[in-house]
Amino acid sequence: MATQTLALPAVPALPTGFKKWIIVVTAISAAIIELIDTSIVNVGLTDIAGNLGVTVEDVSWVVTAYAIANVIVIPMTGFLQRYFGRKNYYIGSIILFTIASYGCGFADNLWVLVGFRFLQGIGGGALLSTSQGLMYDAFPPSQRPVASALFGMGIVLGPTLGPTLGGYIIDNYHWSWMFYINVPIGIAAVLLSSAFIDKKEDELNIKRNTIQIDQLGILLLAVGIGSLQYVLERGEADDWFDDRIIQWLTVVAIIAIPSFIWWELRGTKEPVVDLRTLKNRNLSVGSLLMVIVGYGLFTSVLLYPLFAQRIVGLTATQTGKLLIPGGLLTLPMFALVGRLLAKGVSPRLNVIVGYVAFASFCFIMSTYNMETSDNYFIYALMIRGIGLAFVNVPLINQSVATLSPKQLPTGIAIVNMMRQVGGAFGVAITNTFVTQRMAVHRGDLVSNLQPGDMLTTERLNAMAQALAAKGINTFDAVTGAYKNMDLIISRQALMLSYLDTFKLAGLFFVFSFPLIFLLKSKKMDATTAKAVADAAH
């Protein structure tokens, strides 16, 4: 009687050589263009507003729409990959992102631009959340920390290069090229992904009719998180709770988010986001720490250009160039972190180094003034680059290291979402705090200008004489001197408020530092690392 042999499922071969590095470059490029688009438009809002004939406050919707779409899609990535298949979902998202980018470029109306930015954010949410899974699939388990480090470069370089690239385009070209540059990269990414990325076995046998769609969960998530993101993004610009829309959306968020949590935990057997994974200590602690990292990353990207341009007087291009040395230093730092993780160095130790470096950057920036030279900015931004390299990848890995393979897609999506939410909180806190502190500092400075004070009188007389020497009549010269004094006071108050805000960001890192020691230090085994590869970022 012939013996029957059981056929074991074939283990998919890892890509090698040219194919492997094409996948790596494609995944990193797709992630970078998504992250660049979170910050590239910040430096061009004034130009866009002028060109479209709207106010700067109205054009900030261009930023808000992208952020809302992004933060809604990211936590649903695990479900969408299961439903459509990772390769199909990834390529479809790149196509949507590319078409929306082209639409943003030719938009001649604010709300057309905002609509395309929302679509761009929907497509972009998948690029970040699936690209690292592709990176992991290109490396054996022993080299996956290196894959994380390579991908981590894109996570940090995207927001860092955004203002640099945006400043260069605004100074030399039309603002629409901030969006058009995505088109050739997107087309190349679609072609390369179609040719070189293989479908996994579970993608070949997708039975969509067996996958239950959590429609209520998706609705509650979109409404709750979307409302919260709107409130955080628009709160300061719209005077917070003096605005009726902010009031209503705050109520909607307060109702929808707890309802979403209850429904996902109790109301459905097939949740779109399995919140039960947050019972895992590493994931819950790591998610809180990731909020702080997102806060620090987005706050620094917002504050540094404002300080450099509005206080020191640098152009957009000069501001961007100062970011380059820190960005270049970040590249070898990520490679170093990858090697340290591969050799078994505790991820918790790496996170500690990153936290200390990032807090140091914030406190150093809180000591700068109007006379600060370019070299000092470079020095601080290099420390920031070291901090981001040491904190980002190890924290992501450690947050999901103790999850089961089934829980990983949800865990990774939650970590991603928490970084975005942290960034939204950071922008909201920064805008509000700067406004409040500026009013306080202005009051303090004005209180020192007493009528009849000899130094104040001398300063005003000197400014009036300088204006009179230019041919301005005496009355207008005196009026101009008072206006100049007012501008000097406002600029000083703004500078002091920026310094306070950097200090506040540093304190967030200091106060959350003890949470690092609650992370269980565990190295991923091969099974878990493979599951991370199958999941996402």
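Hi everyone, let's begin with a pair of helices: helix 14 and helix 18 cross in a left-handed way. Before I go on, please keep in mind that this is a predicted model. Helix 14 covers residues 281-312 and helix 18 covers residues 374-400, and their axes come within 10 Å, crossing at roughly 160 degrees. Angles over 145 degrees count as roughly antiparallel, and so helix 14 and helix 18 are roughly antiparallel to each other.

Now let's move to helix 6, which spans residues 86-106. How do the axes of helix 6 and helix 10 cross? Helix 10 is residues 182-196, and the two axes cross at roughly 160 degrees, coming within 9 Å. That angle makes helix 6 roughly antiparallel to helix 10. The handedness of this crossing is left-handed.

If you'd like to find the contact on screen, look on the helix 6 side for residues including Tyr90, Ile94, Phe97 and Tyr102. On the helix 10 side, the residues they meet include Val183, Gly186, Ile187 and Val190.

On to charges. How many salt bridges does a search of the whole structure find? The search turns up one. Its partners are Arg437 and Asp500, with 2.9 Å between the closest N and O atoms. This pair links distant parts of the chain, since Arg437 belongs to helix 19 (residues 408-447) and Asp500 to helix 21 (residues 474-512), with the two residues 63 apart.

Last stop, the surface. Which residues form a nonpolar patch there? They are Tyr168, Tyr173 and Trp177, and together they have about 360 Å² of accessible area. As for Tyr173, you'll find that residue in the loop between helix 8 (144-172) and helix 9 (177-180).

Notes
Residues numbered from 1 in each chain as written. Predicted model: local features only at pLDDT ≥ 70, side-chain atom pairs only at ≥ 80, totals over all residues. Heavy atoms only, no water. Patch = residues over 30% accessible without salt bridge, like charges linked within 9 Å, V, L, I, M, F, W, Y side chains within 5 Å. Areas by Shrake-Rupley, 256 points an atom, 1.4 Å probe, with all protein chains shown as cover. Salt bridge = Lys/Arg side-chain N within 4 Å of Asp/Glu carboxyl O. Helix = DSSP H or I, 4+ residues; strand = E, 2+ residues; numbered from the N terminus. Axes fitted to C-alpha atoms, helices over the stretch in contact; angles between N-to-C directions. Parallel < 35°, antiparallel > 145°, perpendicular 65-115°, else oblique. Left-handed = near helix turned anticlockwise from the far one by under 90°. Contact = heavy atoms within 4.5 Å.
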